[in-house]
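I opened my notebook to look up a few things in this structure.

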Amino acid sequence: MRLIIRGGKKLQGPVKVMGYKNAALPLLASTLLLKGETKFQNIPRLTDVMSLLEILQSMGAKVEWLGEHELKIDTREVDPKHLDKKKMKRLRGSILLLGPMLSRFKKIVVPEPGGCAIGNRPIDEHLQVLQALGAKVETDDEGCLFLHATKLTGNYVIQRFSVTGTENLVMAAALAQGRTSIRLAAAEPHVQELCRFLNKAGAKIKGVGTHELEIDGVEKLHAPRSWTVMPDYIEIGTFAVAAALTRGELEISPVVPEYLDAILSKLGSLGVKYQITDKTLKVQGVGRMDAFQLQTNIYPGFPTDLQAPFGLLATQCHGTSLIHDPLFESRLGYINELIKMGANAVIADPHRVVITGPTPLRGTEIRSLDLRSGATMVLAGLIAEGETVIHDAEVVYRGYEALDGRLNALGAEILKQENEL
Ligand code: EPU
């Protein structure tokens with residue numbers, strides 16, 4: 001797929017934020033632990049979400065769409081024998097099935113999951129936390145994992161802030177025997193959301209929102225009747241950057257203001273004007289923007305998933321910015337695409353880039369490397385002079401629903417071509 005963008009248009013108007021992919025994935029995976037049917041609202045229609053649903057359906061989960069973003073799911077009759085292993089291998093997010101599947105079936109055979117090309121993404125953390133609860137893990141030469149446990153037992157586990165690692169452990173511990181104490185747990189908003197959802201189902205998880213969780217295993221979890229997926233704060237940040245870059249004005253809603261602290265603090269420090277209320281973030285692209293230093297971090301620090309849009313923003317700021325992303329080692333590839341468009345940037349090492357601005361960007365042919373850099377390419381096209389052609393654009397739709405149509409409704413000129421010519 002390619003996107004063809006005619007740049008130079010201001011974005012203006014209200015924009016509705018979709019449900020967050022990285023919250024929807026663990027919520028859907030956790031339904032394997034529940035007895036009953038749950039109705040989810042605000043499920044984003046994204047390829048990653050659809051893939052996880054297909055994997056669950058391959059095992060026999062009943063999924064029924066009730067509206068554009070509403071579905072009901074019932075996993076009472078699933079059988080892991082029918083698992084679609086090929087689909088599971090293609091989706092990194094399917095790692096989130098390990099905890100709930102082990103908890104429910106005690107013996108599983110699954111492939112090692114793949115995903116976006118943003119560096120070495122090992123799964124040792126996931127395996128170690130499950131082993132800590134009593135699982136035995138074996139692998140074969142073809143990349144298959146064999147996990148089994150006669151029962152899962154609570155334990156004292158020190159993690160290393162892995163987001164999906166904590167989610168897997170929380171799901172495995174919810175029905176384990178006894179108490180699990182997690183230290184250095186990830187506290188990202190979507191980890192919190194999963195814990196709140198499980199608590200609504202009857203789990204006993206304390207410390208939600210902190211880096212220390214205490215989970216007392218329960219015997220059963222009852223499916224909550226309904227749940228609304230939180231708004232995507234990465235999308236909120238992406239639209240905020242779009243408003244600043246195009247010198248436009250966007251009213252972004254709904255928002256959960258407390259999840260936006262690091263993002264708003266950074267935008268404010270470089271001179272972007274914004275107003276935040278309980279429901280809406282208004283961003284105005286006016287005035288001068290100054291160079292900044294940014295280091296991505298675990299929550300409540302600045303999210304790595306917004307590093308690339310801010311790298312693009314740096315090309316339009318006065319002075320020299322330094323961006324440091326210690327989390328993943330291959331998330332700076334988009335810089336080479338921006339250089340093709342006229343950016344003045346030097347990649348110092350796999351984690352750091354120095355960007356001097358402001359430099360006008362020119363439309364040219366560029367590639368979308370992963371979903372976050374793909375969205376960044378779209379924003380770059382919006383401010384480039386002339387026409388930008390983004391190849392391999394399908395990855396964008398793993399994280400941003402109907403991005404072209406939604407930006408066009410705000411004044412952009414983006415044409416989507418499903419087939420590369
Ligand atoms: N790591 C290990 N071993 C492991 C797991 C992780 O060494 O077993 C390392 C990774 O290589 C990486 C770091 O730990 O260097 C952080 O990884 P983390 O485990 O926190 O990331 P994740 O859980 O795999 C989630 C999101 C990512 C997001 C990161 C960081 C989901 C489904 N994915 O990944 O989202 O970048 O947290 O916040 O929640 C995206 O949406 O574009 C995306 C990649």
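I began with a rule: patches are made of residues with over 30% relative accessible area and no salt bridge, with like charges joined within 9 Å and nonpolar side chains (Val, Leu, Ile, Met, Phe, Trp, Tyr) within 5 Å. Accessible areas come from the Shrake-Rupley method with a 1.4 Å probe, and for residues only the protein chains shown count as cover. A salt bridge is a side-chain nitrogen of Lys or Arg within 4 Å of a carboxyl oxygen of Asp or Glu.

I also noted the ground rules. The model is predicted, so local features need pLDDT of at least 70 and side-chain atom pairs count only at pLDDT 80 or more, while totals for chains, interfaces and linings use all residues. Residues are numbered from 1 along each chain as its sequence is written, and side-chain values use heavy atoms, leaving out hydrogens and water.

**Entry: the patch**

I found that Tyr156, Ile158 and Leu184 make a nonpolar surface patch of about 320 Å². Ile158 sits in strand E9 (residues 156-158). Strands (E, at least two residues) and helices (H or I, at least four) are DSSP runs, numbered from the N terminus. Is Ile158 buried or exposed? Its relative accessibility is 57%, so Ile158 counts as exposed. The cut-offs are under 20% for buried and over 50% for exposed, with partly exposed in between (1.4 Å probe, protein chains only).

**Entry: the ligand**

I looked at polar contacts, which are pairs of N or O atoms within 3.5 Å; within protein, one must be able to donate a hydrogen and the other to accept it, and residues adjacent in sequence count only if both atoms are side-chain atoms. A polar side-chain atom of Ser162 lies 2.6 Å from a ligand oxygen. For Glu125, a backbone N or O atom lies 2.7 Å from an oxygen of the ligand. Taken alone the ligand exposes 820 Å², and the protein buries 88% of that.

**Entry: salt bridges**

How many salt bridges does the structure hold? I read 22. Glu77 pairs with Lys62, their closest N and O atoms being 3.7 Å apart. Glu77 is in the loop between strand E5 (70-74) and helix H3 (85-90) and Lys62 is in strand E4 (residues 62-67), so the pair ties together parts 15 residues apart in sequence. Glu77 is exposed at 61%, while Lys62 is partly exposed at 49%.

Glu337 and Lys340 form another bridge, at 3.1 Å. They are 3 residues apart in helix H11 (residues 333-340), about one helical turn. Glu337 is buried at 6%, whereas Lys340 is partly exposed at 42%.
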